[in-house]
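Hello,

Here is the structure I promised to pass on to you.

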Amino acid sequence: MRIDDKPFEDIILDVYPGEKGSFSLYEDAGNDNNYKDGKFAFTDITSEYKEGKSVITINPVKGSFENMPTQRKYQIRLVNTYPPKSVKLNDVEISYNSESPENCWSYDGSNVSTIINIGKQDLKQNISIVIDHDTADVSLLSGFKGKLKHLRNFVDFAGRPKDPDPRYIYEPIVSTSLTGRKMTYEPNQAVELIGNFDRNYNKAVEIIKSVKSKENQWKPYLDWLEIK
């Protein structure tokens with residue numbers, strides 16, 4: 001790992017669904033050849049899912065090198081997940097906070113990812129993160145990000161039509177395009193919003209189709225998105 005003149009003090013870990021996973025984070029000074037003489041370090045990181053819970057373990061660092069940090073912050077991103085029931089850091093439950101301060105969790109609704117921000121931890125200490133997951137159907141998350149992105153892009157492209165139709169008929173399009181943002185700030189609504197998303201998305205597409213002939217500039221964009 002080449003990290004130039006300064007070792008990383010903050011690490012971002014993307015954790016994807018699966019029963020078990022592991023990897024070793026390798027580091028050295030980055031600006032000398034002392035790694036050839038054993039001046040480097042490894043940090044073993046594991047994740048395991050069992051009975052509705054994920055356990056992520058960041059093991060104590062092994063090895064050392066010049067100017068190696070003694071503490072480190074971590075951000076853990078649980079990809080393709082619902083907001084959790086609870087999160088524990090070293091056996092202490094941490095709370096939800098949309099502002100993402102240290103030692104709290106937040107939710108990125110547009111990317112359906114749980115974000116756990118961990119303040120500075122001693123590299124020589126074991127770090128344990130236990131996530132109690134919601135039991136909702138995760139298969140409903142498949143395709144969500146792509147559809148949401150397409151709909152947001154369409155809203156940004158088209159804006160609000162300037163025809164004599166009542167504007168309220170376009171509200172389902174705008175409202176559905178904001179699903180991710182709603183989940184970010186109201187994670188307790190995420191399961192319901194995801195459960196209703198495909199129906200609301202299809203309704204939005206039908207509205208777009210119904211007025212496409214009046215909004216000729218929409219057609220190339222719709223064709224590009226393959227909305228038929």
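Below is what I found, going from the whole chain down to single residues.

Please keep in mind that this is a predicted model. The protein chain is built from five helices and eleven strands. Of its 228 residues, 40% count as buried. The protein chain exposes about 13200 Å², and carbon and sulfur atoms supply 47% of that area. If you take the contacts with a separation of 6 or more, 68% of them come from residues 24 or more positions apart.

Now to the helices. Helix H1 covers residues 144-158 and helix H4 covers residues 190-211; their axes come within 11 Å and cross at roughly 35 degrees. The crossing in which H1 passes H4 is left-handed. On the H1 side, the residues that meet H4 are Phe144, Lys147, Leu148, Leu151 and Phe154. Their partners in H4 are Ile194, Phe197, Asp198, Tyr201, Ala204 and Ile208. Sorted by class, this contact of H1 with H4 has nine nonpolar residues, two charged ones and no polar ones.

How many aromatic pairs does the structure hold? There are six of them, and I picked out two for you. Together with Tyr26, Phe40 and Phe42 form one aromatic cluster.

The other pair brings us back to H4. Phenylalanine 197 and tyrosine 201 have their ring centres 5.8 Å apart, with 35 degrees between the planes, and this pair is tilted. These two residues are four apart in helix H4, so about one helical turn separates them. Phenylalanine 197 is buried, with a relative accessible area of 2%, and tyrosine 201 is buried as well, at 9%. Both Phe197 and Tyr201 are among the H4 residues that meet H1.

Finally, two residues in the strands. Valine 79 lies in strand E6, which spans residues 71-79. Is valine 79 buried or exposed? Its relative accessible area is 11%, under the 20% cut-off, so valine 79 is buried. Valine 15 is 64 residues away from valine 79 in sequence, yet their C-alpha atoms are 6.0 Å apart in space. Setting aside neighbours within four places in sequence, valine 79 is in contact with Asp14, Val15, Tyr16, Pro17, Val112 and Ser113.

Threonine 43 belongs to strand E3, residues 40-50. With 3% relative accessibility, threonine 43 counts as buried. Which residues does threonine 43 contact, leaving aside its neighbours within four places in sequence? They are Phe23, Ser24, Leu25, Glu27, Ile58, Asn59 and Val61.

Methods: Residues are numbered from 1 along each chain as its sequence is written. This is a predicted model: local features need pLDDT of at least 70, side-chain atom pairs count only at pLDDT 80 or more; totals for chains, interfaces and linings use all residues. Side-chain values use heavy atoms; hydrogens and water are left out. Buried means under 20% relative accessible area, exposed over 50%, partly exposed in between (1.4 Å probe, protein chains only). Contact means heavy atoms within 4.5 Å. Accessible areas come from the Shrake-Rupley method with a 1.4 Å probe; for residues, only the protein chains shown count as cover. Axes are lines fitted to C-alpha atoms, for helices over the stretch in contact, and angles run from 0 to 180 degrees between N-to-C directions. A crossing is left-handed if the near helix is turned anticlockwise from the far one by less than a right angle, and right-handed if clockwise. Ala, Val, Leu, Ile, Met, Phe, Trp, Tyr, Cys and Pro count as nonpolar, Asp, Glu, Lys and Arg as charged, and the others, Gly among them, as polar. Rings of Phe, Tyr and Trp (its six-membered ring) pair if their centres lie within 6.5 Å; planes under 30 degrees apart count as stacked, over 60 as edge-to-face and the rest as tilted.
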